[in-house]
Amino acid sequence: MENILIETELKMSSSIENMEKRLTNIRAGRANPAILDGVLVSYYGVDTPLKQLANISIPEARQLMIKPFDKSCLSAIEKAIFEANIGLTPNNNGEVIILNIPALTEDTRRDYVKQAKNVAEEAKIALRNIRQDTNNDIKKLEIPEDDIKNGIDEVQELINRFNKIVDEKLKEKENELMSI
């Protein structure tokens with residue numbers, strides 16, 4: 001039973017990590033290189049993550065600068081950013097690509113908060129599914145009924161702890177999005 005609980009905790013932790021990654025991709029009006037994490041550039045016919053092809057820096061609070069290691073891939077990077085549909089227009093000056101991040105309006109902030117809430121809700125659903133699977137696994141064990149009940153109670157304590165983490169992460173993201 002101990003192995004089942006350890007495995008459950010690992011699964012729940014990875015759900016939280018997944019949620020954190022997804023929350024990072026919701027932009028808060030400030031430059032964050034993580035916005036570009038999902039951008040794949042076709043480099044010599046191979047889809048390559050942007051951060052493997054260029055240095056990404058933040059020269060100003062609302063600006064990203066992409067300086068490729070190989071200048072010949074500038075247009076491919078520019079095309080990949082357009083196709084990634086992240087809502088940013090690349091400016092190519094022949095040396096680097098500049099991404100200006102527009103200031104968020106109140107409506108966009110609210111939309112991003114809704115997105116963050118959806119991500120958090122999906123994480124909670126994932127946690128509930130993990131709990132359900134674990135409870136079923138515990139019930140299948142041939143152990144005394146009291147041990148089964150204790151195991152289910154421990155799983156409930158785990159999910160309560162992880163749900164609290166989800167709520168805290170969501171609150172942090174909401175504060176980040178709503179602060180100007």
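Where is the place of Tyr44? I found Tyr44 in the loop between β1 (40–43) and β2 (46–49). I had this on my list while going through the model, which is a predicted one.

**Entry 1: Tyr44**
I looked up the backbone angle and noted that phi of Tyr44 is near 50°, a positive value in a residue other than glycine. Most residues other than glycine have a negative phi, which is what sent me back for another look. I then checked the cover: Tyr44 has 68% relative accessibility, and exposed means over 50%, so Tyr44 counts as exposed.

**Entry 2: the overall layout**
I counted four helices and six strands in the protein. Reading along the sequence, I get the pattern α-β-β-β-β-α-β-β-α-α. The radius of gyration is 22 Å, well over the 16 Å that the globule rule gives for 180 residues, so the protein is more spread out than a compact globule. I also took the span of the C-alpha trace along its principal axes, about 70 × 40 × 20 Å. Buried residues come to 36% of the 180. For contacts with a separation of 6 or more, I noted that 64% are between residues 24 or more positions apart. The accessible surface is about 10,800 Å², and carbon and sulfur atoms hold 47% of it.

**Entry 3: the sheet**
What is the order of the strands in the open sheet of four? I read it as β3-β4-β6-β5, with antiparallel pairing. The edges are β3 (54–60) and β5 (90–92), each with a single partner strand, so one side of each is left without a neighbour in the sheet. From one strand to the next, the twist averages 25°. I followed β3 to its partner β4 (residues 63–68) and found five bridges joining the two. Ser57 stands opposite Met65 in β4. Helix α2 (residues 74–84) packs on this sheet and touches β3, β4, β5 and β6 (97–100). The direction of α2 makes about 165° with that of β5.

**Entry 4: the cores**
Which residues have the most contacts inside the largest nonpolar core? I listed Met12, Met19, Ile26, Leu127 and Val166, in a core of 20 residues. The elements giving two or more residues to this core are α1 (2–24), α3 (106–140) and α4 (145–178). Among these, α3 gives the most, with eight residues.

Notes: Residues are numbered from 1 along each chain as its sequence is written. This is a predicted model: local features need pLDDT of at least 70, side-chain atom pairs count only at pLDDT 80 or more; totals for chains, interfaces and linings use all residues. Side-chain values use heavy atoms; hydrogens and water are left out. Two strands pair if DSSP finds at least two bridges between them. Axes are lines fitted to C-alpha atoms, for helices over the stretch in contact, and angles run from 0 to 180 degrees between N-to-C directions. Contact means heavy atoms within 4.5 Å. A nonpolar core is a set of buried Ala, Val, Leu, Ile, Met, Phe, Trp, Tyr and Cys residues joined through side-chain atoms within 4.5 Å. Buried means under 20% relative accessible area, exposed over 50%, partly exposed in between (1.4 Å probe, protein chains only). The radius of gyration is taken over C-alpha atoms; the globule rule is 2.2 Å times the number of residues to the power 0.38. Accessible areas come from the Shrake-Rupley method with a 1.4 Å probe; for residues, only the protein chains shown count as cover.
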